[in-house]
Amino acid sequence: MHLQLDLLGGMAGDMFIAAALDAWPELGDATIASIRSAGVSTDWDISVADFADDVFSGRRFLIREPDSHDAMHHHRYADIVKRLQSSGLGANVRDRAVAILELLGSAEAAVHGVDLAEVTFHEVGAWDSVGDVVGAAFVIESIAPASWSVGPIPLGGGRVDSAHGPLPVPAPAAALLLRGFTLIDDGIPGERVTPTGAAILRHLAEDLGMPPPSNPTPMALRRVGTGFGTRKLAGISNIFRLMAFEYATHARIDDQVGVINFEIDDQTAEDLALGLDSLRDSSGVLDVLQMPGLGKKGRMIVHVQVLCQPRALRDVIDACFLQTTTLGLRWGVAARATLERDIVRNQTGKNMDDEALPVKLARRPDGTLSAKTESDSLRGYGGYVRREELRSGAERSALTTGSPDD
């Protein structure tokens, strides 16, 4: 799946969630539940409502604090992250939410010239903004796997009020987060992209990759979502639009992957195996490969390649230095293409008493299906002949049944 983001009015966290829930209304209750599990108490009202102006119809997402609460909020970045990490959020959603907050916190730290640990959020520290981050993380994780692209981002203009006094638009933290994106001045003033909205865009770009909108692969438009902001803009609707496409070939997803390479010639095989196993278990790591080779001075070496999510690069690089004896490594972000795949469970066709085995189905660019039984599911089924019988039976059954898309 590929998602195109269009910022006609602009982008804020609530607008992003509203558009996603307009396109995927079935995610509404689960999104609110995830925000509650992050610590937003029941005295805060969370709602997803239909909304329309004179031009468009869509949805509006709101988190309202009780009237008795103090309007000014001051919360340390470290405290917010600690609350999220100890919350009941699922691991993947929690990691995405923390990653978005880290981007936002790092931008604030750069603006104010302080360390990340010393950052104190003001407006962003309110539970409505934290809820927007968690809600955005939940819908991104629910929609995945997908690639993303974004159209020109409106620059806006003028000033915006803050705890530090009037600030230029885009706000300094938002401006840092929008570096590298294509911006356009459409002549309409005001804050068009909030810092939270900019952090979500940066997260999508760093974690999932944002290929250019001009994608030559044929795509079918499946869903459209429109999210409204709370402000009114002169002359245009304040909307954020999301369009979800499926590739016509049902085959390829383009995104990005972090790549780390290094060599080892002075670590025992036993200890290196332990270190690489620990790397495989590290958050954000997709795969760890090792290959023998011949290095300088005729030494036998082990070449190690680690693939990871781009947002996890810094932590995974540190883990490589901690788990191995390498003194240097090469790293980068590479474009990659993956095939859409589904996991189906099918009887082997030989014995209905056998447990249904998970089989990974992938659709190739020419429309054909390939099937591969998950190898771990064959543990405990005896020797090679029995495993091969179960494997081939499950794969034949899966190919006959087809994927859920068929």
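User: Hi! At what angle do the axes of helix H8 and helix H9 cross?

Analyst: Hello! In this predicted model, the axes of H8 (residues 269-280) and H9 (residues 313-323) cross at roughly 160 degrees and come within 9 Å.

User: Nice. So are they roughly parallel or roughly antiparallel?

Analyst: Roughly antiparallel, because angles over 145 degrees count as such. The crossing of H8 past H9 is right-handed.

User: Which residues make that contact?

Analyst: On the H8 side you have Gly275, Ser278 and Leu279. H9 brings in Val316, Ala319, Cys320 and Gln323.

User: And how many of them are nonpolar, polar or charged?

Analyst: Four residues in the contact of H8 with H9 are nonpolar and three are polar, with no charged ones.

User: Great, switching topic. Where is Ser147?

Analyst: Ser147 belongs to strand E6, which covers residues 147-150.

User: Is Ser147 buried or exposed, and why?

Analyst: Buried, because its relative accessibility is 0% and the cut-off for buried is under 20%.

User: What does its side chain make a polar contact with?

Analyst: The side chain of His2, at 2.7 Å from the Ser147 side chain.

User: Good to know. What about Gly235, where is that one?

Analyst: Gly235 is in the loop that runs between strand E11 (219-228) and strand E12 (239-247).

User: Buried or exposed there?

Analyst: Gly235 counts as exposed, because its relative accessibility is 82% and exposed means over 50%.

User: One more: how many residues apart in sequence are Gly235 and Ile188, and what is their distance in space?

Analyst: They are 47 residues apart in sequence, while their C-alpha atoms are 8.3 Å apart in space.

How values were computed
Residues are numbered from 1 along each chain as its sequence is written. This is a predicted model: local features need pLDDT of at least 70, side-chain atom pairs count only at pLDDT 80 or more; totals for chains, interfaces and linings use all residues. Side-chain values use heavy atoms; hydrogens and water are left out. Helices (H or I, at least four residues) and strands (E, at least two) are DSSP runs, numbered from the N terminus. Buried means under 20% relative accessible area, exposed over 50%, partly exposed in between (1.4 Å probe, protein chains only). A polar contact is a pair of N or O atoms within 3.5 Å; within protein, one must be able to donate a hydrogen and the other to accept it, and residues adjacent in sequence count only if both atoms are side-chain atoms. Axes are lines fitted to C-alpha atoms, for helices over the stretch in contact, and angles run from 0 to 180 degrees between N-to-C directions. Angles under 35 degrees count as roughly parallel, over 145 as roughly antiparallel, 65 to 115 as roughly perpendicular and the rest as oblique. A crossing is left-handed if the near helix is turned anticlockwise from the far one by less than a right angle, and right-handed if clockwise. Contact means heavy atoms within 4.5 Å. Ala, Val, Leu, Ile, Met, Phe, Trp, Tyr, Cys and Pro count as nonpolar, Asp, Glu, Lys and Arg as charged, and the others, Gly among them, as polar.
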